[in-house]
Amino acid sequence: MKFFLVLPPGSNSSLEGYEFFPGHGYYKFHKTPESFENATKICRSEGAHLAIINSDEEAAIFKKMSQGYAAPWVGVHDPEKNRDFRTVFGTPLSATGYSKWMSGQPDGPKNQYCVYFHPDGLGDNPYDSKVTFFCEGGNL
Ligand SMILES: [Ca+2]
């Protein structure tokens, strides 16, 4: 079961265009590629944040939503540039419930501080790479 949440235009914390998955959250897949920083700002402007994956079930939702698009950003990065990957809220990646890396990832010791989603697992990319991205809203 799923539906689109529709709020009045101009509503402050509008999650218009977000798709609701009961038990998981509200998600929007942005198909226009952006840098990690811009993607962060865009999600924030929508009253949301770059999406954080908390389970294999949630990863399966992302896989379906991003089918045909490579490597969308999720809300995980390496803010101290020391390979200590954390969510955009500062939580350790290991505490999110989904910390599976793709084979061979993370592989960027020099400039790859931001994390993308791939159906086979997470990977790191340079922050200024422009790729699609997921925003997540709501309290779930
Ligand atoms: Ca990488």
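What share of the contacts in the protein with a separation of 6 or more comes from residues 24 or more positions apart? I looked this up and found 57%, a contact being a pair of residues whose C-beta atoms, placed from the backbone, lie within 7 Å.

**Entry 1: the model.** I am working with a predicted model, in which local features need pLDDT of at least 70 and side-chain atom pairs count only at pLDDT 80 or more, while totals for chains, interfaces and linings use all residues. I number residues from 1 along each chain as its sequence is written.

**Entry 2: the overall layout.** I listed 2 helices and 9 strands, taking both as DSSP runs numbered from the N terminus, with helices (H or I) of at least four residues and strands (E) of at least two. From the N terminus on, I read the order of elements as β-β-β-α-β-α-β-β-β-β-β. Of the 140 residues, 36% count as buried; I call a residue buried if 20 or more other C-beta atoms lie within 10 Å of its own, exposed if 12 or fewer, and partly exposed in between, with C-beta atoms placed from the backbone.

**Entry 3: helix H1.** In H1 (residues 36-45) I noted Phe-36, Ala-39, Thr-40 and Cys-43 as buried. Seen down the axis of H1, these buried residues fall within an arc of 105°, so they line one face of the helix; the arc is taken over the directions from the helix axis to the C-beta atoms. For background, an α-helix has 3.6 residues a turn, so residues three or four places apart point the same way. The face of H1 turned away from the buried side carries the exposed residues Glu-37, Lys-41 and Ser-45, whereas the buried residues pack against E3, E4, E5 (73-77), E7 and E9. Just after H1, I found Gly-47 with a positive phi of about 75°.

**Entry 4: helix H2.** I then checked H2 (residues 56-65), where Glu-58, Ala-59, Ile-61 and Phe-62 are buried. Seen down the axis of H2, they fall within an arc of 155°, so they too line one face of their helix. Asp-56 and Lys-64 are exposed on the other side of H2, and the buried residues pack against E2 (19-21), E3 (25-34), E7 (114-118) and E9 (131-137).

**Entry 5: strand E9 and its partners.** I looked at E9 next: 7 of its 7 residues are buried, so the strand is largely enclosed by the rest of the structure. With E3 it pairs in the antiparallel sense over 6 bridges, where pairing requires that DSSP find at least two bridges between the strands; Glu-34 has Val-131 of E9 as its bridge partner. E4 (residues 49-50) is joined to E9 by 2 bridges and runs antiparallel to it, with His-49 opposite Glu-136.

**Entry 6: His-30.** Leaving aside neighbours within four places in sequence, I recorded contacts of His-30 with Ile-42, Thr-132, Phe-133 and Cys-135.

**Entry 7: the nonpolar core.** I took a nonpolar core as a set of buried Ala, Val, Leu, Ile, Met, Phe, Trp, Tyr and Cys residues joined through C-beta atoms within 7 Å. The largest has 32 residues, and those with the most contacts inside it are Leu-50, Ala-51, Ile-53, Trp-73, Val-74 and Phe-134. E3, H1, H2, E5, E7 and E9 are the elements that give two or more residues to this core. Not counting residues up to four places away in sequence, Ala-51 touches Tyr-27, Val-74, Gly-75, Phe-134, Cys-135 and Glu-136.

Key. Contact = placed C-beta atoms within 7 Å.
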